[in-house]
Amino acid sequence: MTLSAIFSQPDRATLAERWQALEARSDGSFFLGWTWVGAWLDSYGVRPDLLAVTDAAGQDVALALVGHAMRPRLLGGVATLSLNQSGDPQADRPYVEYNGLLVEAGREAEATVAALAALARRRDWRALTLSGIAPDSSLLGLPARRRIRVDVSPVYQVDLDAVRVADGDYLSLLSANTRSQIRRAMKDHGGPLPDVAIGGLDDVIPWLEEMAAFNGGRHADNAWDDAGFRSFVGTICARGLPSGAVELLRFADAGGVVGLLVNFVHRGVAMNYQSAFAAARTAKDKPGLLCHAAAVGHYAGRGLSRYSLLAGKDRYKQSLATCEESLEWWVLERFSPRLEAEALLRRLLRRPASA
C-alpha cells in the first residue's frame, strides 16, 4: 500500500487524539508515548512541526515531531531540524531517549522510507539532529553529505529475571567492591535497605519540592534550578501516576528520608529518570546506592523484566548494572555551499603561514 508523508501544524487537541490513537497500535518507547510528548509540549509551549506518514485511507502509520532552529556555527547559524525535539537547548532539557518514529507495529520499514523521503524533500534545513537513537536505527539511512556521531552512551540496566533466579539476592550479582559499599551503607543505616513508599497525586508537589531541595547546589548546571524543567517533571508525574506509567518513590528508614526517584514503567521495564538523595550520614554512606538497590527489589518483586538507569556514563550506574545496551546521538549534514565554504576556511586557518 502506498504511503504519503507531509508536514503540518495541527491544533493541540487534534494532535493528542491522533498521537494516542497511533500509540495504541505501536510498540514505541515510553519517550514516544503521549505521556512524555504531551507533558513536554505543554510544559515548554513549543510547537514543532508534525511529520505524518499516512496510508491511502488517510490513517496515520507513523508520526514524529520535528523542530526547526538555527544551530550555531563558526560563520553563523545553520538551519537544523531536530527529531522529537525543538532545537532550543532549554526546551530540550528533558533529554529524550529511545527516540525515533512512532510507528504502527509491523510497518516500520515502509514508514521509515516515506518519512526519510519527506525529510529529504524539505529544503529549509542543512543539518538534522537525531538524539538518543538505537545504534542500528534506520533513520541513519537518510542521504547525507556527512554523518557525525556526536556521542555514544551506555544504558546500564539490571536484569530482574536474574535477581529472581538468585532468590532476590541482587547484591550477589554485583562486584565485591559494590557489595561491600552497599552493605557498609546498610550497616550505617541500621541494617536493611530503606523502605519504599509509592507516591500518589497528593505527594507530587511536596515530594518534588523535596527532590529540588536535595539537588540544590550539587552542581553548576542543575536542571532542578530551571522552572520549566520542574514544571515538566511535575506535569509528567501528575499525568503518569494514575496509569502507573510514572512512579514517584520515596525511600526512608528510622533516620529519615534517604532519597527519592522518578521512574517510568513501560512494557515491563522500569526506568529511573530523576533522582535526589539526602546528604551522606557518614564518610562511607551511599544513599544513592541504597535507594537504587531498594528499587531493584521493589521491581523484581513485581515481576518486571529490567530496571534501567537510562543513558549516562556515571560510575555508579555501571557498578549497579548486570547488563547494558547503548544509545547514540547523531548530526546528519546535507550538501550546502555555505557548509563547504566553512570547511574550506577551517582548513585554510589550520595551514601554516609558509604553505
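Biologist: Which residues lie nearest the centre of the second largest pocket?
Modeller: This is a predicted model, in which local features need pLDDT of at least 70, side-chain atom pairs count only at pLDDT 80 or more, and totals for chains, interfaces and linings use all residues. Residues are numbered from 1 along each chain as its sequence is written, and side-chain values use heavy atoms, with hydrogens and water left out. A pocket is an open set of points on a 1 Å grid over the protein atoms alone, where a 1.4 Å probe fits, with protein on both sides within 12 Å along at least five of seven lines; lining residues have an atom within 4 Å of a point. The second largest pocket has 28 lining residues, and nearest its centre lie Asp27, Gly28, Ser29, Tyr98 and Asn99.

Biologist: Which helix gives the most to the lining of the second largest pocket?
Modeller: Helices (H or I, at least four residues) and strands (E, at least two) are DSSP runs, numbered from the N terminus. Helix 3 (108-121), strand 6, strand 11 and strand 12 each supply at least two lining residues. With three residues, the most comes from helix 3.

Biologist: What is the volume of the largest pocket?
Modeller: Its lining has 43 residues, with Arg93, Pro94, Tyr95, Gln274 and Ala311 nearest the centre. Strand 11 supplies the largest share of this lining, six residues. A volume is the space filled by probe spheres set on the points, which are joined across faces, edges and corners. For the largest pocket this comes to about 1,200 Å³.

Biologist: How many bridges join strand 7 to strand 13?
Modeller: Two strands pair if DSSP finds at least two bridges between them. Strand 7 (residues 146-159) pairs with strand 12 through four antiparallel bridges, where Gln157 has Ser308 as its bridge partner. Towards strand 13, Arg149 stands opposite Trp330. Strand 7 and strand 13 also run antiparallel, and the number of bridges joining them is eleven.

Biologist: Is helix 5 roughly parallel or roughly perpendicular to helix 8?
Modeller: Axes are lines fitted to C-alpha atoms over the stretch in contact, with angles from 0 to 180 degrees between N-to-C directions. The axes of helix 5 (residues 176-188) and helix 8 (residues 287-300) come within 9 Å and cross at roughly 100 degrees. Since angles under 35 degrees count as roughly parallel, over 145 as roughly antiparallel, 65 to 115 as roughly perpendicular and the rest as oblique, helix 5 is to helix 8 roughly perpendicular.
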